[in-house]
Amino acid sequence: MINPDVTQVFNALAEHKAYLDKQKTDIRSLFRDAEDRFTDFSIQVPDLLLDYSKNLVSSETRGLLINLATASRVPEGIQAMFAGETINSSEQQAALHVALREQRPSHVREEVESCLSKMEQLVDAVHTGNWPGYSGKAISDVVNIGIGGSDLGPSMVVTALAQFSVNRVKLHFVSNGDPVHLEGTLRRLNPETTLFIISSKSFSTLETRLNASAAQAWIASKAQSNADVARHFVAVTGNLAAATDFGIDADRVFPLWDWVGGRFSLWSAIGLPIALSVGMESFRELLRGAHEMDQHFLNSELVQNLPVVMALLNVWHAGFCNASSHAVVPYSQELNRLPGFLQQLYMESLGKSVDTAGDLVTNSSAGVLWGSSGTDSQHSYFQYLHQGIDLIPVDFIAIANSSVGNSNEQHAHLLANCFSQSKALMEGKNRAQIEQELRSSGLDDDEIAALAPHKVTIGNKPSNTLLLRELNPSVLGKLIALYEHQVYVQSLLLNINAFDQWGVELGKSLSKEIFNNLATGKSGEALDASTSKLIDLSKEWQE
């Protein structure tokens with residue numbers, strides 16, 4: 001059922017947007033009208049600042065958006081999540097990933113702390129050489145086999161925190177069902193010194209099971225016994241029986257609970273690769289940073305609440321400004337895997353067409369999330385951001401202190417590029433400015449008339465800038481938790497379930513039938529003509 005209070009606020013926001021358009025209000029004019037706009041439209045917590053002043057949002061806009069959060073019962077939704085209530089309604093589960101950080105509820109405290117202790121024991125054993133492979137040699141390489149949330153989060157964090165690696169083992173990630181991914185990884189490794197982490201909540205995910213079986217066969221081809229093979233495998237799963245049936249010792253299986261969704265799971269034993277890379281103390285710092293953001297999210301007023309404000313801006317852009325996508329551009333090579341991680345977090349959570357009651361969603365408050373690291377992105381798709389006709393809001397992420405030191409001139413250029421891009425998106429350059437520049441360069445009137453239209457950029461393109469003091473485990477934890485909570489707030493505003501992903505299942509089930517056709521030689525006559533002919537041609541070319 002549609003909440004009439006929410007409908008009323010949506011209507012008020014639509015009227016307000018029409019008024020801004022009629023008045024030809026743009027972001028530049030908002031800055032001209034308020035000298036302290038940056039102060040009024042930014043939020044700072046320790047080591048992290050959100051500047052959202054470069055959005056087409058006035059004080060009145062913000063007030064209406066806060067009204068929307070109140071009408072959508074966002075404060076109540078926040079309290080419900082932290083209390084461990086059943087907010088994943090279609091699966092009748094809590095979504096209590098925040099309990100993996102600190103201040104754990106009593107009913108999960110013991111098992112979470114036991115898991116952390118077990119992780120610490122494994123990390124210590126591997127780092128000290130007390131977890132040898134079948135030949136007695138110490139483990140030198142760890143391969144995480146997983147997909148989706150069992151891969152994207154850990155691989156992103158390991159890459160982001162490479163400067164904090166303790167350099168005891170090398171980490172590798174295999175996710176793709178294409179056998180080339182695993183084969184290309186194993187080609188560089190020694191089975192005597194390789195440990196595999198099989199990460200799968202169900203332990204039935206096809207890609208993970210196939211890669212795990214191939215890895216097991218690789219070890220078995222060299223080891224002397226099943227016990228020798230087992231030394232090279234641990235698992236993170238909610239299905240202990242399946243893991244032990246696979247051949248992994250029960251005491252080497254780490255839990256993954258029903259109340260932890262895959263895309264919210266890097267804080268659990270899914271984060272084992274992170275702990276093996278940076279050490280357990282840095283992993284705990286990651287948790288502490290996320291916990292600090294949790295407390296900010298739980299206790300801050302809506303208007304000063306970072307996840308709430310970012311979610312409201314996304315709703316404003318998608319629901320009222322016709323933005324169908326959103327770009328995330330970290331100006332950091334260390335964060336180059338962040339957009340891919342956020343893509344799953346955002347689109348698997350918000351890609352729903354019905355609300356929590358099963359009714360069709362009527363308000364568009366989400367879209368495609370995409371992006372890549374700057375400055376590479378400037379030389380690929382920024383042309384589209386600046387002069388394309390689509391409105392694409394951007395989250396810029398910048399780091400004030402480089403991990404390689406600030407005396408390096410390159411870091412100053414990096415920050416200059418980031419800040420100039422948001423400024424250019426906002427300001428643009430009009431026809432009069434272009435013509436003056438061309439005239440000053442010596443072009444005549446005909447040349448100016450021909451060239452000027454191609455150089456105009458209209459500006460008034462919105463962006464946020466997230467400025468981090470530095471990139472360390474604590475700050476990264478805050479950043480990830482910020483986006484997690486933003487996604488949850490957007491789901492509350494849209495009245496959808498952020499914690500299920502039923503749409504993922506259809507393609508999986510259909511692949512089984514098609515696999516049978518490919519593997520057994522059966523005719524694909526029961527399939528549609530396109531799929532059937534693709535199967536037939538694949539078989540023909542394989543022969």
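So, the largest cavity in this predicted model: its lining includes Asn 314, His 317 and Ala 318, then Ala 323, Ser 324, Ser 325 and His 326. Tyr 346, Ala 366, Gly 367, Val 368 and Pro 393 are in that lining too. The space inside comes to about 60 Å³. Helix 14, residues 306-320, and strand 8, residues 325-330, are the elements that put two or more residues into the lining, and helix 14 gives the most, with three. By type, you get six nonpolar residues, six polar and no charged ones.

Okay, how many cavities of 30 Å³ or more turn up in the whole structure? Three. Among the lining residues are Tyr 52, Arg 62, Leu 65 and Val 309.

Now the packing. The largest nonpolar core has 122 residues, and Met 119 and Trp 259 have the most contacts inside it. Helix 20, residues 473-494, brings the largest share of that core, 13 residues. There's also a second, separate core of 22 residues, with Val 143, Leu 186, Ala 235 and Ile 248 among them.

Beyond its neighbours within four places in sequence, Met 119 touches, among others, Phe 254, Leu 272, Met 280 and Phe 283.

Last, cysteines. Searching the whole structure gives zero disulfides. Cys 115 is buried, at 5% relative accessible area, and Cys 321 counts as buried as well, at 12%.

Technical notes:
Residues are numbered from 1 along each chain as its sequence is written. This is a predicted model: local features need pLDDT of at least 70, side-chain atom pairs count only at pLDDT 80 or more; totals for chains, interfaces and linings use all residues. Side-chain values use heavy atoms; hydrogens and water are left out. A disulfide is a pair of cysteine sulfur atoms within 2.5 Å. Buried means under 20% relative accessible area, exposed over 50%, partly exposed in between (1.4 Å probe, protein chains only). A nonpolar core is a set of buried Ala, Val, Leu, Ile, Met, Phe, Trp, Tyr and Cys residues joined through side-chain atoms within 4.5 Å. Helices (H or I, at least four residues) and strands (E, at least two) are DSSP runs, numbered from the N terminus. Contact means heavy atoms within 4.5 Å. On a 1 Å grid over the protein atoms alone, a cavity is a set of points where a 1.4 Å probe fits but cannot get out, and a pocket is an open set with protein on both sides within 12 Å along at least five of seven lines; lining residues have an atom within 4 Å of a point. Grid points are joined across faces, edges and corners, and a volume is the space filled by probe spheres set on the points. Ala, Val, Leu, Ile, Met, Phe, Trp, Tyr, Cys and Pro count as nonpolar, Asp, Glu, Lys and Arg as charged, and the others, Gly among them, as polar.
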